Amino acid sequence: MSHAIHPFEEIRILLAALPGPDTQAAAAVRARDGRLTKPPGALGRLEEIVEWLAAWQGRAEPAIERPLVAVFAANHGVVAQGVSAFPASVTQQMVANFLAGGAAINQICKSYGVGLKVYELALERPTADFTVAPAMDEREAAATFAYGMEAIQGDIDLLAPGEMGIGNTTSAAAIYTALYGGPASRWTGRGTGVDDAGLSRKNAAIDAALTLHAPHLADPLEILRRLGGREIAAMMGAIAAARLNRIPVVLDGYVACAAAALLQAIAPESIAHCIAGHVSAEGAHRDVLTRLGKRPLLDLDMRLGEGSGAALAIGLIKAALACHRDMATFESAGVSEKSE
């Protein structure tokens, strides 16, 4: 007798069958690197970046022709607890700013030739306040995950998931507390710039939520639906879809890494195709990256979100690729190699 598969079970099945790296492509990059006009290892992590690109694109000659920052925007019911310095209406206003080209992420993407798409996730209907009820039900969380998977359409070859959502640093901090242990104050930051009283309300909201949902928090997908937001669910879907389609991912900051942390908790190797674009000044992001096994490319004290740190890192990744692809070899340049 057949039986219906629960939405979360479908996600678990998906994450259990992800492709691995192309080790032959990475080896081809290493071989070419050894012939370039420079001492071995002289470009440091830039050399590692190109190997990472090759391994996860599955190409001995990796390329970045259609990089994309996908910004997911959502609203959070926990804002009712006074956890943000700005009202929820700012989320919609910032989406309009993105679409008009007026945000920081627009300027960074323009500077580095990176595409930008913005996805609105039912902004008129915030998730439930997770201090009194689960933020989402299972079907909505899974459907939003599936919606996020659509971000890889359009033959993109490098993805940076970003987010916008008033209240979402509270959601991310709650996720980290549930995954890694408390107190909540270890994981929380000032987000949009809350004062001491606002920070205290933020910690209190997370403590209340963890008490309410405690019997269910052994399951990362339950953590998502009870404490997460739609943008976090969508970023999880985008990261998973990128892996299935051999698209490397550049992680942004504090909130984006909450999506990666949940994926890692479900399937430890599910974020192997991700690189950390930067370390945020928000909360305990540096500690999060250590737990994710990611060493950030940039450390600029940023805490904006929007995919901004990841977009800056794409500029660095493009430079690394240009060095590998366009540098002369010792043979082509007529340069003598190292003496034996």
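The largest pocket holds about 440 Å³ of space. By pocket I mean, on a 1 Å grid over the protein atoms alone, an open set of points where a 1.4 Å probe fits, with protein on both sides within 12 Å along at least five of seven lines; a lining residue has an atom within 4 Å of a point. Volume is the space filled by probe spheres set on the points, with grid points joined across faces, edges and corners.

This is a predicted model, where local features need pLDDT of at least 70 and side-chain atom pairs count only at pLDDT 80 or more, while totals for chains, interfaces and linings use all residues. Residues are numbered from 1 along each chain as its sequence is written, and side-chain values use heavy atoms, without hydrogens and water.

Back to the largest pocket. It is lined by 28 residues, and N168, T169, T192, R303 and L304 are the closest to its centre. Two or more lining residues come from each of α4 (89-100), β3 (158-164) and α7 (168-180); α7 gives the largest share, three residues. Helices here are DSSP runs of H or I, at least four residues, and strands are runs of E, at least two, numbered from the N terminus. The lining has nine nonpolar, twelve polar and seven charged residues. Nonpolar covers Ala, Val, Leu, Ile, Met, Phe, Trp, Tyr, Cys and Pro, charged covers Asp, Glu, Lys and Arg, and the others, Gly among them, are polar.

The second largest pocket has a volume of about 180 Å³. Its lining takes four residues from α3, the largest share, and includes W52, C274 and K294. There are six nonpolar and four charged residues in that lining, and no polar ones.

Now the rings. What does a search of the whole structure find? Six aromatic pairs. Rings of Phe, Tyr and Trp (its six-membered ring) pair if their centres lie within 6.5 Å; planes under 30 degrees apart are stacked, over 60 edge-to-face, the rest tilted. Y119 and Y147 have ring centres 5.9 Å apart and planes at 85 degrees, so they are edge-to-face. Y119 sits in strand β2 and Y147 in helix α6, 28 residues apart.

Y180 and W187 are a tilted pair, because their planes are at 45 degrees, with centres 5.5 Å apart. W187 is buried, at 0% relative accessibility (buried is under 20% relative accessible area, exposed over 50%, partly exposed in between; 1.4 Å probe, protein chains only). Ring pairs join Y180 and W187 with Y176 and Y254 in a cluster. Finally, R291 lies over the face of Y180, 4.7 Å from the ring centre; the cut-offs are CZ of Arg, or NZ of Lys, within 6 Å of the ring centre and within 35 degrees of the ring normal.
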